[in-house]
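Subject: Structure handover

Hi,

Here is the structure for you to look over. Please open it alongside this note.

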Amino acid sequence: MADDAGAAPQRASRGRGTPAHRTTADVTPTSSDALSLPTDTPGTRILIAAAVETMSEKGYNGTSVRDIADRAGMSPAVLYHYFGSKHDLLVAIMHRTIDHLIERCAAVLDDGPPGPARRLRRLVREHVLVHTELRREAVLGVGEMHSIEERERALLIAKRDRHERLFHRVVDDGVASGAFGTPYPAEAVRGILTMATGVSVWFREDGPLAAAEVADRFGRLALALVEADASG
């Protein structure tokens, strides 16, 4: 009988689409928790996280399918089992990010206290918190919009406009009730959103302020921008 002592160990076979070495435990919380859907497989979550990491480092145009697959511990062929292209991955990241933002911000308005000042402060606070939690995804969403094909870009812009309308509604209500004194409500909203979205560029978890502190401060700044009635 042949001696098997020196034989190479048998490798366990992997099913199609099974990552080579990364697992769901390797996926960053921002990509696996906030952006995951109930129907996602582990492979989908791993690829989205790998794409966010790689595109954030190299940019969309500088990232290849192989770069993403290598980061995910998969072959490029397995990546195509989950997503049709690198573009499809970026589109998924962008849609999931804006959907998450809308859901979080709409929820604080539905559950929040009455009064335009309190509503605006809570809305701005939630917007900032999302942008500290999903910093890389938010930067990709703004910086790589030009990389998205026209049809998907139109859908993403429509969602962005829907999110912006949440702010317009609160500020317009405040102006109508006399709670806000700004004569420029539309410009105030644009200023608030530009300021609050920009947090994703400079915020760092190890910085001098915690995310909640930044969110609270930006809520106060937003009230100053709309000239909120201090007595209210």
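Below is what turned up, from the overall fold to the pocket.

**Fold.** Please keep in mind that this is a predicted model. The protein chain has eleven helices and zero strands. Of its 232 residues, 42% count as buried. I also looked at contacts between residues at least 6 apart in sequence: 71% of them join residues at least 24 apart.

**Annotated region.** UniProt, in an unreviewed entry, lists residues 64–83 as "DNA-binding region". In the model, that stretch is 75% helix and 0% strand.

**Core.** Nonpolar side chains tend to be buried together in soluble globular proteins. Here, the largest nonpolar core holds 57 residues. Ile 68, Leu 120, Leu 123, Val 124, Val 128 and Phe 167 touch the most other members. Several helices give two or more residues to this core, among them α2 (42–58), α3 (65–72), α4 (76–82) and α11 (211–225). Also on that list are α5 (86–111), α6 (116–133), α8 (150–177) and α9 (185–197). The largest share, twelve residues, comes from α5.

Leaving out residues up to four places away in sequence, Leu 123 touches Cys 105, Val 108 and Leu 109, plus Leu 166, Phe 167 and Val 170. Of these partners, Phe 167 is itself among the core residues that touch the most other members.

**Pocket.** The largest pocket has a volume of about 530 Å³. Its lining counts 22 residues. Which of them lie nearest the centre? They are Ile 98, His 131, Val 142, Arg 160 and Thr 197. By class, the lining has eleven nonpolar, seven polar and four charged residues. At least two lining residues come from each of α5, α6, α7 (135–143), α8 and α9.

**One local detail.** Pro 185 lies in helix α9. Not counting residues up to four places away in sequence, Pro 185 touches Val 171, Asp 172 and Val 175. Pro 185 and Val 175 are ten residues apart along the chain, and their C-alpha atoms are separated by 7.5 Å.

Best wishes

Technical notes: Residues numbered from 1 in each chain as written. Predicted model: local features only at pLDDT ≥ 70, side-chain atom pairs only at ≥ 80, totals over all residues. Heavy atoms only, no water. UniProt positions renumbered as here; feature names shortened; annotations may be inferred. Helix = DSSP H or I, 4+ residues; strand = E, 2+ residues; numbered from the N terminus. Core = buried A, V, L, I, M, F, W, Y, C linked by side-chain atoms within 4.5 Å. Buried < 20%, exposed > 50% of the residue type's maximum accessible area, 1.4 Å probe, protein only. Contact = heavy atoms within 4.5 Å. 1 Å grid on protein atoms, 1.4 Å probe; cavity = no way out; pocket = protein on both sides within 12 Å on 5 of 7 lines; lining within 4 Å. Points joined across faces, edges and corners; volume = space filled by probe spheres on them. Nonpolar A, V, L, I, M, F, W, Y, C, P; charged D, E, K, R; others polar.
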